[in-house]
Amino acid sequence: MSYIFYNSQSSLGFWEPHSSSVDFCEPNYLHSIYIAETHNVWSSVYISLLPILGMIFCNPLNEWRTIVMYLTLFCVGIGSCFLHGTLHWLSQSADEIPMLWLNLSFIFALYNLGNSRPRKSVSYTGILLFGIGILQTIGYFTMRHIYDFFLFSFISSLLIVILWTIYIVFRDIHSTDYPIRLYLFKNAMYSFVFFGASLWIYEMNHCEHLLPYYISMNGITFHILWHLGSGTGAYLLILLMIAVRIQTIGYQAEIEWILYGIFPIIKKTNPKVLLT
């Protein structure tokens, strides 16, 4: 499998020669000599917009762990804008390193879901994951020309997040907490895996075949859908963490649709009624 796509139809642009280890399937500089991949830039803005709205409307417990997840997702979107705008190696690192950090923030949130107050073990876990993040960052810059290193680091930590989340969601399917957990998890996976990642993988392996169609469509590619799907999936996963956290400390969680019914958030409602 090749991860580098050179678009022979591209015109010379402001940021050439490119130094990133990847060049995506969108024809370069099709709309401006200053922006390498216009459609991939605006669709990356969507990724950053979701956590901004989340920080404004959806942190019902006012916890820092939620803010950290939002901030890292925001950094992923901003880094993606720079990467697709310049195809420079430093911009690529600004996109991919926050992706590694985002998975670590998910792992910390998953570990800490049931803790109602800070404990030493939680602090130690945070320090451990912070250290892992530093090692991943050092390894990334040391082997930045080896794209497989990033893929291995990202996919391995992502699998931990997904498998751990599956356990959290399905460990008690008879619980009243189960429906909202299943709804958020199912839609997160649909968005990220089936809608986003599958189209990106297809595009990576069929770029030469797809490129003439992309040119005829003014540069619109499947990678746009990857941004929309992965951004939505990551945001829904954060909502799932919030909902489980609310349920774990004894309250009910419900989904509320705001901004004219297009944006979901999690609300904390009445304490659970314990049956005796």
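A residue is called buried when its relative accessible area is under 20%, exposed when that area is over 50%, and partly exposed in between (1.4 Å probe, protein chains only). Glu63, at 15% relative accessibility, therefore counts as buried. Before going on, note that this is a predicted model, where local features need pLDDT of at least 70, side-chain atom pairs count only at pLDDT 80 or more, and totals for chains, interfaces and linings use all residues. Residues are numbered from 1 along each chain as its sequence is written, and side-chain values use heavy atoms, leaving out hydrogens and water.

So who does Glu63 pair up with? Side chains of opposite charge can pair when their charged atoms come close. The rule used here for a salt bridge asks for a side-chain nitrogen of Lys or Arg within 4 Å of a carboxyl oxygen of Asp or Glu, and that gives three salt bridges.

Take Arg245 to start with: its side chain forms a salt bridge with that of Glu63, at 2.8 Å from N to O. This pair ties together distant parts of the chain, 182 residues apart: Arg245 sits in helix 8 (residues 222-248), while Glu63 lies in the loop between helix 1 (38-57) and helix 2 (64-86). Helices here are DSSP runs (H or I, at least four residues), as are strands (E, at least two), numbered from the N terminus. Arg245 counts as buried because its relative accessibility is 4%.

Glu63 also has a salt bridge with Arg65, at 3.4 Å from N to O, and both of these residues are buried.

Then there's Asp177, whose side chain meets that of Arg181 in a salt bridge (3.9 Å, N to O). Asp177 and Arg181 are both buried. As for Glu63, Arg65 and Arg245, salt bridges with shared partners join them into one network.
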